[in-house]
Amino acid sequence: MAWWIWIIIAVAAILVLWIIGAYNGLIGLRNIVKNAWAQIDVQLKRRYDLIPNLVETVKGYAKHEREVFENVTKARNMAQQASSAGAGERGKLEGELGMALGRLLAVAEAYPELKANQNFLALQEELTSTENKISFSRQFYNDSVLNLNNKIQMFPSNVIAGMFNFKLGEFFEVTVEAERQAPKVSFS
Amino acid sequence: MWEQIRSNQVRSVILLGLIAAILLAVGYFIGLIFFESAIGGLIIALVIWAIMSLVAYFQGDSILLGMAGARKVGPSDAPRLYNVVEEMKIASGLEKMPNVYVIDDPALNAFATGRDPTKASVAITTGLLQKLNRDELQGVIGHEISHIKNRDVLLMAITSVMLGTIVILAWYASRVLIFGGIAGGNRRSSSSSGGGGGAQVIILIVGLVLMILAPIMAQFIYYAISRKREYLADASSALYTRYPEGLASALEKIGASTHQLKKANQATAPMYIANPLNKEGRKLSDLTSTHPPISERIKILRAMAGGVSFTDYNSAYSQVHGRGGVLSKAAMGAVGAVGMRQASPSAPGEMALSEKAARSREVSDMMLKMDKYRIVDCPCGAKWKVPPGYTEDSIYCTRCGRTIKL
């Protein structure tokens, strides 16, 4: 065979290998995004589970703050019901829940006996950590989405992404301004 | 395997190759001197290396944890520590929760171990656990988790096994050469023909020099790899926590401590967050240290104003050093601009103390202003009081290493 046939074969082989590599890379990134999303879910569920316990504990000491308890419980239930919604809608509801929780813990500030309660202290640590885990998993999710979106939009991998119809990931933004400024719950 | 090591630097791999070359050279000369064929020596070197590698691979982490006297803790024993490790595991995207260990020791240190990210452990001394607040603990654990995530643990294990093999081989070979060499050399030269004598002597001399130099060279390379990985781990920790000040102030506390870790040795040193063998008051020279100087690491972290991405760390490094960067281009490409977060609210006791300090600082600032002092803010958060008689047009910030124009 003539030499140029070999060159064509070699170029075609490299092209095919590159397509396989780029496709697999995109799939890998998309799986990381999916996994990161599941991780946020786990942490948000953990927060839903902690809230009834927390409300019960605080109730024992602060009986007159009914409105605050109701708000937290309502926000929790709404967020839980929306758990199958997209990242944008969820971000909003989770932000509201975070705010309601912040108010509950601010109320707890006024009760020194409550702050000395071992059960409350343990719950506090769990809640702080869960809030952190939520924001770290959100951070990792957003980083992964950024990586995926970059690959989908940048040349040359955008060609492959277009061929196999990869969709851009959606960032998990917290829409409530107050939540963005004070994502941590103050216990001091 | 290597392509899995995200942001692994080409330089680390080249240095690893260099150590391997030294190991082979040592084996080669041992073969030439003792068996009159290079193959025998190479085989001995490789067999010893293989055995040590297997032990390190399968038993390395339990040996290391055992030597350090670490005990495993669960979420109920040390809830804050366990939670922080889990937080950093999530932030780094590690697939599996590492085992958490505590070392009963007042010294301030922490290390990570484990052959791959799915079988990893993090250990921290009780002293450090007590001294740090949540943000600082996060910084330290972030540093350790990134050693796991970047596969530094594996890289350092491979390197230290090669170093160990070189040291063992060179030690025995040089002892045999020095004490038994004269007798052996006589016997061999008398048995071989007269013409080979000259070449034999040259090989003997080169071999002896190599046996003495090889362990030293290998050690230097080992230190160089270790230092590089420390910078990368600091940068990753800042990226994971989004808060470089946490690690910076933790390092400050670690640097100020005078306790020495009881159960640490040369082999385990690179895995700790700060060099456990560093004696108080002794300034380690750059070449013979497993870790960059703590003061420098703090300065770099504090010079990262505004962003926490690898790019920011790199420019902070060149700012502190006045020359090039420390991280590879590939490492920096991953994430673009990344913002910093606020400090977590502190525990009640600390709050009161810092409030008091802030008030007295305010008063003293006012008095100084009345004395015509100039108050200059550094981007790292430090406030500098410049006396009225100061004539230069800039000052040097000792906290982050910036030069501030007046």
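On chain B of this predicted model, a nonpolar surface patch of about 680 Å² is made by B:Val201, B:Ile205, B:Val209, B:Ile212, B:Leu213, B:Ile216, B:Met217 and B:Phe220. One of these residues, B:Ile216, has its place in helix α7, which covers residues 197–241 of chain B, and with a relative accessibility of 44% B:Ile216 counts as partly exposed.

**Chain B as a whole**

- Chain B contains twelve helices and eight strands, and 48% of its 406 residues count as buried.
- When contacts in chain B between residues at least 6 apart in sequence are considered, 65% of them join residues that are at least 24 apart.

**Helix α3 of chain B**

- Helix α3 of chain B, made of the 14 residues 79–92, reaches 20 Å from its first C-alpha to its last, which is close to the 20 Å expected at 1.5 Å a residue.
- Because eleven of the 14 residues of α3(B) are buried, this helix is largely enclosed by the rest of the structure.
- The buried residues of α3(B) include B:Leu81, B:Tyr82, B:Val84, B:Val85, B:Met88 and B:Ile90, and among them are also B:Asn83, B:Glu87 and B:Lys89.
- Just after α3(B) comes B:Gly93, which takes a positive phi of about 75°.

**The surroundings of B:His147**

- B:His147 is placed in helix α5 of chain B, residues 134–149, and its relative accessibility of 1% means that B:His147 counts as buried.
- The side chain of B:His147 is joined to that of B:Glu230 by a polar contact of 3.2 Å.
- Apart from its neighbours within four places in sequence, B:His147 is in contact with B:Ala112, B:Asp152, B:Val153, B:Arg229, B:Glu230 and B:Ala233.

**Salt bridges**

- Side chains of opposite charge can pair when their charged atoms come close, and over all chains the count of salt bridges comes to 15.
- Within chain A, the side chains of A:Arg47 and A:Glu131 meet in a salt bridge with an N to O distance of 2.9 Å. This pair links distant parts of the chain, since A:Arg47 lies in helix α1 (residues 3–61) and A:Glu131 in helix α5 (residues 118–153), 84 residues apart.
- A:Arg47 is buried, with a relative accessible area of 1%, and A:Glu131 also counts as buried, at 7% relative accessibility. Together with A:Glu94, A:Arg47 and A:Glu131 are linked in a network of salt bridges.
- A further salt bridge is formed by A:Asp143 and B:Arg242, whose closest N and O atoms are 3.2 Å apart. A:Asp143 lies in helix α5 of chain A, while B:Arg242 lies in the loop between α7 and α8 of chain B, so this pair joins two chains; both A:Asp143 and B:Arg242 are buried.
- Within chain B, the side chains of B:Arg302 and B:Glu245 meet in a salt bridge of 2.9 Å, N to O. Because B:Arg302 lies in helix α9 (residues 294–302) and B:Glu245 in helix α8, the pair ties together parts of chain B that are 57 residues apart in sequence.
- B:Arg302 counts as buried at 7% relative accessibility, whereas B:Glu245, at 24% relative accessibility, counts as partly exposed.

Note on methods. Residues numbered from 1 in each chain as written. Chains lettered and ligands numbered in written order. Predicted model: local features only at pLDDT ≥ 70, side-chain atom pairs only at ≥ 80, totals over all residues. Heavy atoms only, no water. Helix = DSSP H or I, 4+ residues; strand = E, 2+ residues; numbered from the N terminus. Buried < 20%, exposed > 50% of the residue type's maximum accessible area, 1.4 Å probe, protein only. Contact = heavy atoms within 4.5 Å. Patch = residues over 30% accessible without salt bridge, like charges linked within 9 Å, V, L, I, M, F, W, Y side chains within 5 Å. Areas by Shrake-Rupley, 256 points an atom, 1.4 Å probe, with all protein chains shown as cover. Salt bridge = Lys/Arg side-chain N within 4 Å of Asp/Glu carboxyl O. Polar contact = N/O pair within 3.5 Å; in protein donor to acceptor, adjacent residues only side chain to side chain. Expected span 1.5 Å × (residues − 1).
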